[in-house]
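I opened my notebook to look up two topics today.

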Amino acid sequence: MSRAKLYIPRDAGALGLGSADVEEALIVELKQRGIDADFIHVGSRGLYWLEPMIEVATAEGRIAYGPVRVGDVKHLLDAGMLDGKPHRLRLGRPEELPFLKRQSRLTFARCGIIDRLSLDDYRAHGGWSGLEQALSLGPAATVERVTKSGLRGRGGAGFPTGIKWNTTRLAPGERKYVVCNADEGDSGTYADRMIMEGDPYTLIEGMAIAGVAVGATKGFIYIRSEYPHSIHVLTRAIARARKANILGVNILGSRRDFDLEIREGAGAYVCGEETAMLDSLEGKRGQVRAKPPLPAHSGLFAKPTVINNVISLASVPWILANGAEAYAAFGLGRSRGTMPIQLAGNVKYRGLFETGFGLTLAEIVDDIGGGTASGRPVRAVQVGGPLGAYFPRRLFTTPFDIEAFTAQGGLVGHGGVVVFDDTVDMAQMARFAMEFCAIESCGKCTPCRIGSVRGAETIDKIVRGERREANAALLAELCDTMKFGSLCALGGFVPYPVMSALTHFPEDFGLVAKAA
Amino acid sequence: MTEFEEWSVARGAAIIADAAKQDGACIPILHALQRGFGYVPQEAVPMVAEALNLTRAEVHGVVTFYHDFRREPPGRHVVKLCRAEACQSMGGVALHKHAQEKLRVGWGETTTDGRVTLEPVYCLGLCACAPSAMVDGKVYGGLDEAKLGKLIDQMRAA
């Protein structure tokens with residue numbers, strides 16, 4: 001018999017659901033049956049309700065089975081899993097699954113498919129062609145292509161990437177840096193983690209392109225310590241890329257140098273803010289810097305620095321390889337291209353859905369997400385992480401677009417969508433937002449440092465029934481001060497979840513009678 | 001379970017010297033110390049300051065700013081439970097209460113037998129497999145009282 005070929009997802013999400021144990025059981029069982037097999041370590045395709053989703057190479061292509069538990073392994077092999085035979089866990093060809101079929105996977109085209117650390121596999125799936133383009137185009141034309149694509153920062157701020165790059169490119173300086181913000185601290189988001197653990201070379205390629213574009217020879221990837229698997233995979237990917245001369249001196253024979261270094265965060269949410277991240281990289285407390293100067297002029301170690309989110313950088317190779325117009329053809333209004341929407345929390349079909357901007361929240365939550373995992377009615381959805389607004393059902397007509405969300409007092413942020421059923425206590429969620437801000441505040445500005453503590457206390461008073469109306473007005477005023485008086489988005493955006501909870505769910509604060 | 005070394009000035013100095021050569025070395029050094037000893041010993045603070053030409057106050061400021069750095073040795077096992085919103089939407093709050101009652105500790109505390117330290121974490125990126133936890137560096141998703149209870153029992157036995 002020819003060798004069997006199995007694809008095992010090994011990102012933290014699949015591992016958390018037991019994929020390593022399933023692989024172990026498969027190894028033991030196949031050995032007993034005298035069957036030789038290759039185990040290919042891949043990332044997750046992002047269909048987490050089906051993880052661990054194991055795929056086998058068959059005559060009809062790859063066939064998926066999931067969710068596979070250790071106890072299913074014997075039965076699956078008996079049923080003929082290695083030939084793609086029927087079983088209750090058989091999902092068929094993964095690309096035919098409706099959740100995947102409806103997506104436009106550009107940035108995540110390879111994630112979950114290729115051997116995540118194989119340079120050959122990466123190249124065979126179109127890898128490095130973006131970098132080769134950039135090297136032949138040169139800095140100015142590379143920046144222009146990114147600008148024309150309409151790509152805006154995927155970390156949350158939505159600033160046009162091309163403009164940021166051009167500012168750094170034109171900034172005078174012998175030494176410049178590219179910093180990748182991989183401090184993906186927002187609850188409900190895991191797109192950065194999936195790319196780093198499933199297709200790390202895409203990020204490496206994107207950073208090398210950024211280096212070429214702005215004239216930087218050194219890049220840092222700041223990865224949060226909560227992501228040890230990402231650190232592990234990227235460390236190995238960087239070593240292999242260096243060996244293949246994709247990183248280092250005279251990359252790909254271009255006479256340009258670019259190398260990467262990973263730095264591990266230390267559990268401070270605020271270090272996801274770009275200037276706090278720079279201080280942290282310099283070895284200091286991760287405190288927010290006042291702007292100006294912009295990091296593009298004076299960033300890391302006071303040198304011109306371009307800082308981008310993982311997904312922004314990982315989107316660039318596709319843009320360079322396929323053209324700005326092809327990327328800009330996706331999207332809505334001023335939000336061009338695709339966004340990896342991350343369905344999280346209490347939702348039936350939990351996973352990553354990459355698509356052009358423009359779907360409504362109802363389509364995302366009900367149609368793609370299939371409603372709650374608990375089967376109870378959806379009550380609220382938090383979009384954009386812990387600093388994003390809570391949306392009630394009557395706002396579900398809002399299209400997933402940066403401007404449309406801003407107009408509704410919310411934010412798209414990094415694309416996380418956390419679904420809550422009708423058991424949620426929105427006053428407690430508002431309190432948690434303030435508490436989280438108090439825990440994570442860097443302490444530099446007063447509205448954030450003290451406002452968050454007073455905010456939590458005021459919500460407690462409202463809930464206890466102490467001068468409810470007056471304290472609700474005080475909370476609104478405090479939120480206003482935090483929104484306009486804070487130095488960065490932590491204190492500045494925490495009013496979004498708090499005020500949206502108060503406005504849309506006043507009954508949870510005892511401000512109006514609860515509906516029967 | 002993670003095995004840590006006993007603190008010694010010589011080992012501390014070696015770890016510091018090894019990590020001090022890079023730019024912005026303070027946080028990498030502190031990580032290296034914690035990987036070695038399980039925490040950042042107070043005696044190491046002036047040594048880090050000396051190596052980096054910083055004041056002791058500056059290094060103290062860094063150690064105390066970041067949630068990761070412990071100033072005392074942890075228990076034999078470290079359990080981090082995710083407290084963020086996605087895990088809350090799947091019953092995280094009740095699950096955490098259950099764990100705290102079972103272990104009889106609050107956040108940041110170690111059981112009296114020194115076996116288990118319970119720490120909060122704000123997102124492990126396992127939001128599509130909530131509620132989640134990290135136990136001695138290993139991740140777990142889709143937890144409930146039974147699964148977490150079993151993990152706790154295993155830790156108490158080992």
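The entries below record what I looked up, one topic at a time.

**Entry 1: the model.** I noted that this is a predicted model.

**Entry 2: the sheet.** I asked in what order the strands of the open sheet run. I found five strands in chain A, in the order β13-β12-β16-β14-β15. Their pairing is mixed. Next I checked the edges. β13 (352–356) and β15 (390–392) of chain A stand there, and each has a single partner strand, so one side of each is left without a neighbour in the sheet. On average they are turned by 30° against each other, with direction ignored.

**Entry 3: one strand pair.** I picked β12 (residues 338–345) and β16 (residues 416–421) of chain A. They pair in the parallel sense. Four bridges join the two strands. Which residue of β16(A) is the bridge partner of Leu343(A)? I found Val417(A).

**Entry 4: a helix on the strands.** I turned to helix α22 (residues 495–504) of chain A. This helix lies across β14 (378–383) and β15 of chain A. I wrote down its angle to β15(A), which is about 25°.

**Entry 5: cavities.** How many cavities of 30 Å³ or more does the structure hold? I counted three. The largest cavity has about 60 Å³ of space. I then read its lining. Among the lining residues are Val270(A), Val288(A), Lys444(A), Cys448(A) and Leu490(A). Ser441(A) and Gly443(A) also line the largest cavity. By type, the lining divides into eight nonpolar residues, three polar and one charged.

Conventions. Residues are numbered from 1 along each chain as its sequence is written. Chains are lettered from A and ligands numbered from 1 in the order in which they are written. This is a predicted model: local features need pLDDT of at least 70, side-chain atom pairs count only at pLDDT 80 or more; totals for chains, interfaces and linings use all residues. Side-chain values use heavy atoms; hydrogens and water are left out. On a 1 Å grid over the protein atoms alone, a cavity is a set of points where a 1.4 Å probe fits but cannot get out, and a pocket is an open set with protein on both sides within 12 Å along at least five of seven lines; lining residues have an atom within 4 Å of a point. Grid points are joined across faces, edges and corners, and a volume is the space filled by probe spheres set on the points. Ala, Val, Leu, Ile, Met, Phe, Trp, Tyr, Cys and Pro count as nonpolar, Asp, Glu, Lys and Arg as charged, and the others, Gly among them, as polar. Two strands pair if DSSP finds at least two bridges between them. Axes are lines fitted to C-alpha atoms, for helices over the stretch in contact, and angles run from 0 to 180 degrees between N-to-C directions. Contact means heavy atoms within 4.5 Å.
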